[in-house]
Amino acid sequence: MTGPLKRVLIKLSGEALLAKDGFWLDAAVLSVLAKDIAGVAADGYQVVVVIGAGNIIRGAKFAAAGWIDRPTADSMGMLATVINSLALESAIVAAGAPALTMSAVATPSLCEIYARQTALQHLSKERVVVLAGGTGNPFFTTDTSAVLRAAELGCDAVLKATQVDGVYSTDPKRDPNAVRYERLSHDEAIRLDLKVMDTAAFALARESRMTIIVGSAHAPSSIGGILRGTDKSTVVSP
């Protein structure tokens, strides 16, 4: 691992919440993720979470269809992250950890508006902070939002929970000869054109010298296992 970690931002894919029958939310998956996050908080980590909205809407895909403009489609996606964040907040609280949602898009009747100093105060009180609304602006992904907030809040690393247990040379689901990496530098990941995050997010990670940890969140307690070093992951560091 990258040394002692105290404050981590966990980036979850919204698509991970999609039920097999096509419903936008799989309650069992949500519960497993929430228990894992609550366990990480109980281990003494200060935890920030950013979750995408791919189980509900992808703004870029909607805009590409041509009948809705990109800023509007992205705004719909930002609102969808509020839905996912509120669901995750409730599940984390049910799992025994204090949590709250803060949104970069103002929805004051639903959750707090994101402010850096307020978020830091919540973290100091051992609350899990779930950040919704992306950056509050169109054209930026939740990957970019995750790295931005991690840098703002002084996180030690971003843990990107994905479908696979690390970064591979090619898609391991399609290529049985794909090579898995244990550790990479930012420069190596760029030179090898590895899809760690989208371009803007990874550029920001390199500029802010933010460590990115990539691993699978499919198994129960896998997020905790990655942070403890007992589960496989790839560490991308300066």
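User: Leaving out residues up to four places away in sequence, which residues does Ile92 touch?

Analyst: Before the answer, a word on the basis: this is a predicted model, in which local features need pLDDT of at least 70 and side-chain atom pairs count only at pLDDT 80 or more, while totals for chains, interfaces and linings use all residues. Residues are numbered from 1 along each chain as its sequence is written, and side-chain values use heavy atoms, with hydrogens and water left out. A contact means heavy atoms within 4.5 Å. By that rule, and not counting residues up to four places away in sequence, Ile92 touches Ala34, Ile37, Ala38, Ala97, Ala99, Val128 and Val130. Ile92 sits in helix α3, where helices (H or I, at least four residues) and strands (E, at least two) are DSSP runs numbered from the N terminus. The C-alpha atoms of Ile92 and Ala34 are separated by 4.6 Å, although the two are 58 residues apart along the chain.

User: Why does Ile92 count as buried?

Analyst: The general idea is a cut-off on relative accessible area: buried means under 20%, exposed over 50%, and partly exposed in between, with a 1.4 Å probe and protein chains only. Ile92 counts as buried because its relative accessibility is 0%.

User: How many residues line the largest pocket, and which lie nearest its centre?

Analyst: On a 1 Å grid over the protein atoms alone, a pocket is an open set of points with protein on both sides within 12 Å along at least five of seven lines, whereas a cavity is a set where a 1.4 Å probe fits but cannot get out; lining residues have an atom within 4 Å of a point. Grid points are joined across faces, edges and corners, and a volume is the space filled by probe spheres set on the points. Here the largest pocket holds about 1200 Å³ of space and is lined by 47 residues, with Lys11, Ser13, Arg58, Asp143 and Lys160 nearest its centre. At least two lining residues come from each of β1 (7-12), α2 (59-64), α3 (70-94), α5 (142-152), β6 (157-162) and β7 (167-168), and α3 gives the most, with 5 residues.

User: Into which classes do the lining residues of the largest pocket divide?

Analyst: The classes work by residue type: Ala, Val, Leu, Ile, Met, Phe, Trp, Tyr, Cys and Pro count as nonpolar, Asp, Glu, Lys and Arg as charged, and the others, Gly among them, as polar. For the largest pocket this gives 17 nonpolar, 17 polar and 13 charged residues. The second largest pocket, with about 290 Å³ of space, has a lining of 8 nonpolar, 4 polar and 3 charged residues. Of its 15 lining residues, Ala16, Val29, Leu33, Ala217 and His218 lie nearest the centre, and α1 supplies the largest share, 3 residues.

User: How many cavities of 30 Å³ or more does the structure hold?

Analyst: There are 2 cavities at that cut-off. The largest cavity has a volume of about 40 Å³, and its lining consists of Ala41, Tyr45, Gln46, Val47, Leu123, Glu126, Arg127 and Val128.
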